[in-house]
Amino acid sequence: PQATLTHANPLTVAPVVELNDADFTTLAHLGMRGGQTGLWVRNASTDFTGSFLTVTNNSQDGVRVEANCTVTGLDHVASAGNGRYGISIEGLVARLTDSTVYNNRNTGIFLTAPGATQIEANEVYGNDRHGLEVYNSVASTTAVVGNADLALGRGNSVHDNAQDGLYASGRVQVIGNTVYGHATPNTAGIEVHYGAEAWRNVVYGNSGGIFARAAGSPVSENR
């Protein structure tokens, strides 16, 4: 069972849930809908954990985590119909898994400087920009999008988004994902830049398969 939170006054312009300098907070089995942002984590809130959350029909982001915050884990999040990003995290996140992010008005999952993160077993589709967008410049880390052990079937399924399926830049390894259905001209199933790597992905039915737009972005063993 899941409790759902929304504003009593439909004219309220505010997040449904706001964590302000709230360390070691866990939210679970909770719905947040109809706000400016479903869940806003800000002002040095560290070690946040979210599990079995539903964030829908918010005017901006479903989940937004600011740059001076950290996330221990997000799993089993359903984020849909939001006016901007489904999930936006601008700082360190240890893992984001087993979630469904769809029909948002911008990129489905947007990560900036996540560090040594594991992004796996998510389904991301029907978003109005990229499906999954990752920029990682944190020294001595690798953000892994997918899973190197193909036998586990823990790669991400990214399909039918308006622009690129999976866009990665910097210290990112894109491995073991299935990406299809990105048919807009001049887009790709996977696009890697500035050292990001694409390995062992299944990529089909896109306008372009895999684009490596800068030197130092190896592409290997994909099909």
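Predicted model: local features only at pLDDT ≥ 70, side-chain atom pairs only at ≥ 80, totals over all residues.

Me: Stacked, edge-to-face or tilted: how is the aromatic pair of Phe110 and Tyr135 arranged?
Reply: The ring centres of Phe110 and Tyr135 are 5.9 Å apart, with 55 degrees between the planes. Planes under 30 degrees apart would count as stacked and planes over 60 as edge-to-face, while the rest count as tilted. The pair of Phe110 and Tyr135 is therefore tilted.

Me: Which strands does this pair link?
Reply: The two residues stand 25 residues apart, and the pair links distant parts of the chain. Phe110 belongs to one strand and Tyr135 to another, and these strands are E11 and E14.

Me: Are Phe110 and Tyr135 buried or partly exposed?
Reply: Buried means under 20% relative accessible area, and partly exposed lies between that and the limit for exposed, which is over 50%. Phe110 has a relative accessible area of 12%, so Phe110 is buried. Tyr135 reaches 28% relative accessibility, so Tyr135 counts as partly exposed.

Me: Tyr135 also pairs with Tyr167; what is the distance between their centres?
Reply: Tyr135 and Tyr167 form a tilted aromatic pair, with 45 degrees between the planes. The pair links Tyr135 in strand E14 with Tyr167 in strand E17, 32 residues apart, and Tyr167 is buried because its relative accessible area is 14%. From centre to centre, the distance between Tyr135 and Tyr167 is 5.7 Å.

Me: Which residues do ring pairs link into a cluster?
Reply: Phe110 pairs with Tyr135, and Tyr135 in turn pairs with Tyr167. Ring pairs link these residues and one further tyrosine into a cluster, whose members are Phe110, Tyr135, Tyr167 and Tyr85.

Me: In what order do the strands form the open sheet?
Reply: The open sheet is formed by 9 strands, and the pairing is parallel. Within this sheet, 4 bridges join E11 to E14, while 5 bridges join E14 to E17 and 4 bridges join E17 to E20.

Me: How many of the residues of strand E14 are buried?
Reply: Strand E14 covers residues 132-136 and has bridges to E11 as well as to E17. Within E14, Val134 is the bridge partner of Leu111, and Asn136 has Gly170 in E17 as its bridge partner. Strand E14 is mostly covered, and the number of its 5 residues that are buried is 4.

Me: Which residues have the most contacts inside the largest nonpolar core?
Reply: In soluble globular proteins, nonpolar side chains tend to be buried together. The largest nonpolar core here has 42 residues. One of the residues with the most contacts inside it is Ile87, which touches, among others, Val63, Leu96, Ile109 and Phe110. The residues with the most contacts are Leu39, Leu74, Ile87 and Ile89.

Me: Is Asn82 buried or exposed?
Reply: Asn82 is placed in the loop between strand E7 (71-80) and strand E8 (87-89). Asn82 touches residues that include Val55, Asp61, Asn103 and Arg105. Because its relative accessibility is 0%, Asn82 counts as buried.

Me: What is the phi of Ser140, and is Ser140 buried or exposed?
Reply: Most residues other than glycine have a negative phi, and most peptide bonds are trans. Ser140 lies in the loop between E14 and E15, and its phi has a positive value, near 60 degrees. With a relative accessible area of 74%, Ser140 is exposed.

Methods:
Residues numbered from 1 in each chain as written. Heavy atoms only, no water. Buried < 20%, exposed > 50% of the residue type's maximum accessible area, 1.4 Å probe, protein only. Pairing = 2+ DSSP bridges. Core = buried A, V, L, I, M, F, W, Y, C linked by side-chain atoms within 4.5 Å. Contact = heavy atoms within 4.5 Å. Phe/Tyr/Trp six-rings, centres within 6.5 Å; stacked < 30°, edge-to-face > 60°. Lists of a residue's contacts leave out its neighbours within four places in sequence.
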